[in-house]
Amino acid sequence: MLTAQQALDHLLSHAKPVHENEDVPVQAALGRVLANSVQSLVDVPPLDNTSMDGYAVRTADTATSGQKLQVAQRIPAGSVGTQLEPGTAARIFTGAPIPPGADAVVMQEDCAIPEGLTDQVQVNTVPAVGQWIRRRGEDLSAGKTALTAGIFLRPQELGVAASAGLTHLNVKRRVRVAAFFTGDELALPGEPLKPGGIYNSNRDTLLACLRSLGCDASDLGIVPDRLDATREALRHASKDHDLIITSGGVSVGEEDHIKPAVTAEGRLDLWQIAIKPGKPLAFGAVRKSDQSSAANFSDESWFIGLPGNPVSSFVTFLLFVRPFILKLQGRASITTPSYLVRADFDWLKADRRNEFLRVKMNEQDGLDLFPNQSSGVLTSASWGDGLVDCPPNQAIRKGDLVKYMPFDALLK
């Protein structure tokens with residue numbers, strides 16, 4: 001069996017970023033991947049300005065505490081002051097430009113207005129040169145890189161783009177992924193369950209995972225356990241998608257048709273991976289059935305077949321499909337985030353496979369273990385907030401530091 005790292009390395013060696021880019025308004029760029037680095041059009045901030053409400057002063061006039069200065073001007077944000085003369089101060093408000101001649105700001109809490117003298121201020125501290133002054137260009141300078149290619153655009157990146165004076169960003173087109181699900185036992189919520197039937201939880205889980213990563217996800221529904229139906233679903237999915245993922249049917253039983261179907265429509269590797277949950281994984285490609293519809297695609301769609309058990313499907317998506325998609329998207333970083341965290345549980349039945357345990361951070365900053373780690377118990381993933389990566393043949397004892405992968409970092 002392959003290790004998880006061997007399987008991931010093989011997948012990533014084949015993934016290539018999509019080629020097509022598009023310009024979109026900054027407001028529409030959330031959740032996209034930046035295709036080209038961008039430079040700031042302006043200095044940010046454009047002028048030296050104050051980070052506090054207070055008084056702009058000359059430090060030469062305030063070498064000792066208690067100095068009284070004439071308040072010669074008032075500068076709100078959006079206004080520009082005049083030359084600050086010796087012996088004077090400027091009443092100034094957060095964000096307002098520093099007037100010429102001033103070299104420090106004293107916040108208003110450190111000042112007092114002498115009784116009956118509203119045009120004067122008493123400075124009760126000795127300011128340092130540059131105190132409470134934000135320098136021109138200290139955030140961004142004109143012509144310098146504001147955002148680098150390959151980053152996933154979050155709200156804060158859109159704010160940086162706006163502060164840099166940018167109206168549009170050049171982004172990678174969204175990766176298009178088709179998903180279908182095999183199994184005659186499957187039904188959709190709201191439908192009656194036949195004897196032996198179950199509701200299809202993987203559909204909603206995997207489609208949500210795809211959308212959380214910024215993909216265009218197409219739901220091709222439940223496909224009957226027949227070779228002809230599976231082949232037809234693959235042909236349909238290959239037309240306009242970069243990647244096809246399936247859930248179920250990747251074992252070698254008589255009702256598992258993924259292997260012969262993908263082999264007939266393209267090429268396939270079927271692996272046994274030394275992980276738990278999630279042992280079988282299929283990877284390959286499906287030929288485009290209609291080349292005329294594939295103008296913006298390669299002549300193949302990538303294929304990844306996941307196991308059918310709900311937790312196995314979810315975990316293998318996070319471990320293998322997620323980084324594969326991130327590379328297709330052209331992201332600069334595709335590493336799986338992890339942290340060393342204290343285990344507040346015992347896991348003494350070490351397995352020969354690499355196990356991924358569902359855990360939750362507790363109020364003591366340790367990790368609690370869900371009591372039932374079966375691959376069919378999806379509530380373990382809902383209860384938990386991450387996975388512990390437990391190496392093969394290794395037990396875990398309370399107090400051990402373990403490799404923790406939080407779900408919120410794996411689903412963005």
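Predicted model: local features only at pLDDT ≥ 70, side-chain atom pairs only at ≥ 80, totals over all residues.

Reply: Residues are numbered from 1 along each chain as its sequence is written, and side-chain values use heavy atoms, with hydrogens and water left out.

Me: Which strands are the edge strands of the open sheet of 6 strands?

Reply: Helices (H or I, at least four residues) and strands (E, at least two) are DSSP runs, numbered from the N terminus, and two strands pair if DSSP finds at least two bridges between them. The order is S7-S4-S6-S5-S9-S8, with mixed pairing. An edge strand here pairs on one side only, and that gives S7 (104-107) and S8 (111-112).

Me: How far apart are the end C-alpha atoms of helix H3?

Reply: The expected span of a helix is 1.5 Å times one less than its number of residues. For the 12 residues of H3 (residues 201-212) that should be 16 Å, and the model agrees, with the ends 17 Å apart.

Me: Which residue caps the N-terminal end of H3?

Reply: Look at the backbone nitrogen of Asn-202: a side-chain oxygen lies 3.2 Å from it. The residue that supplies this oxygen is Asn-200.

Me: Is Asp-61 buried or exposed?

Reply: Asp-61 sits in the loop between S4 and strand S5 (67-75). Buried means under 20% relative accessible area, exposed over 50%, partly exposed in between (1.4 Å probe, protein chains only). At 15% relative accessibility, Asp-61 counts as buried.

Me: And where does Trp-132 fall, given its relative accessibility?

Reply: Trp-132 lies in the loop between strand S9 (120-123) and strand S10 (133-134). Its phi is near 60 degrees, a positive value in a residue other than glycine. With 34% relative accessibility, Trp-132 counts as partly exposed.

Me: What is omega for the cis peptide bond that joins Val-44 and Pro-45?

Reply: Most peptide bonds are trans. Pro-45 lies in the loop between strand S2 (38-39) and strand S3 (49-50). For the cis bond from Val-44 to Pro-45, omega is about -5 degrees.

Definitions and conventions: Polar contact = N/O pair within 3.5 Å; in protein donor to acceptor, adjacent residues only side chain to side chain.
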